[in-house]
Amino acid sequence: MADLKFSFAETFLCSAFAACFAEFCTIPLDTAKVRLQLQKKAVGDEVNLPKYRGLLGTMATIAKEERLSALWKGIVAGLHRQCIYGGLRIGLYEPVKTLLVGADYVGDIPLYQKIIAALLTGALAITVANPTDLVKVRLQAEGKFPAGIARRYYGTLDAYYTIVREEGLAALWTGLGPNIARNAIVNAAELASYDQVKQTILKIPGFSDNVLTHLLAGLGAGFFAVCIGSPIDVVKSRMMGDSGYKNTLDCFIRTLRNEGFLAFYKGFVPNFTRLGSWNVVMFLTLEQAKKAFRGELYYD
């Protein structure tokens, strides 16, 4: 993803900034996605209709019942997550690729090496950032509370404190298994596909390393990420949002038995809308941030 060599610190800063900007722009879509994924299917009760219907319907319901600002629930934890996870997974991607193929390697790096590098950096990054992801999902999952019912959490820091006090420090890593699987796979789909699609586009006559190329590569990265990672994403959201599951396998089996296979693609459209737009914004911002560094640091 880079023509010139950047230090880890430079790439980390550019990546963290780009990921945080994309998170702020698209978190309303993510909030809608989480609500749709956590919504259980009614069994034998036709009167109990789903509260949330579709991306726009879910966003409208949340804004109507909980105010527009509720669509940005979990934004502070989300920015915490992107600073750590976004910075590490992208910042380490190039060094790990170089480590895998060797510093003296010349030519296009094979796709499988890109996938392995992205799997490793995604798994490592989310292991560090899992507490921020947990708090973000818990805050997003909270709907409008009836009168007289106290909220579980009164903000991001209170959520961290309450979870540790009531459930123990290890609870901050609840759902780590599916989260590692989901983020390693999604990271591989995003970074490797972006890398590969961009490399392929640049070989087409008339295309150059510009905004259009970055936009097309970002959309491709988002599409591959959602298709591959959606089932794991649903299990992750349910485990983090509902402590009633024993483990990852229990969550998977109960969801499959009670709601069918399509439940694992619940919220697919908002998920693609969210990840597609997130990747476009993130990669466009990342490329521009790196160009700013490049001009400032190398061409002055």
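Predicted model: local features only at pLDDT ≥ 70, side-chain atom pairs only at ≥ 80, totals over all residues.

Q: What makes the radius of gyration of the chain agree with a compact globule?
A: For 300 residues the rule gives a value near 19 Å, and the chain has 20 Å, so the two agree. The C-alpha trace spans about 60 × 35 × 35 Å along its principal axes.

Q: What are the helices and strands here, and how many are there?
A: Helices (H or I, at least four residues) and strands (E, at least two) are DSSP runs, numbered from the N terminus. By that count the chain has 10 helices and zero strands.

Q: Why is glutamine 82 called buried?
A: Buried means under 20% relative accessible area, exposed over 50%, and partly exposed in between (1.4 Å probe, protein chains only). Glutamine 82 has 2% relative accessibility, so it counts as buried. It sits in helix α3 (residues 75-91). With contact meaning heavy atoms within 4.5 Å, and neighbours within four places in sequence left aside, its partners include Ala16, Cys20 and Trp278.

Q: Why does serine 193 get its burial label?
A: Its relative accessible area is 9%, so serine 193 is buried. Serine 193 belongs to helix α7 (residues 176-201).

Q: What makes the pair of phenylalanine 24 and tryptophan 72 tilted?
A: Rings of Phe, Tyr and Trp (its six-membered ring) pair if their centres lie within 6.5 Å; planes under 30 degrees apart count as stacked, over 60 as edge-to-face and the rest as tilted. A search of the whole structure finds eight such pairs. Phenylalanine 24 and tryptophan 72 are 6.4 Å apart centre to centre with 45° between the planes, hence tilted. Phenylalanine 24 lies in helix α1 and tryptophan 72 in the loop between α2 and α3, so the pair ties together parts 48 residues apart in sequence.

Q: And what makes phenylalanine 252 and phenylalanine 264 an aromatic pair of their kind?
A: Their centres are 4.7 Å apart and the planes 20° apart, which is stacked. Phenylalanine 264 has 0% relative accessibility, so it is buried, whereas phenylalanine 252 is partly exposed at 34%.

Technical notes
Residues numbered from 1 in each chain as written. Heavy atoms only, no water. Rg over C-alpha atoms; globule rule 2.2 N^0.38 Å.
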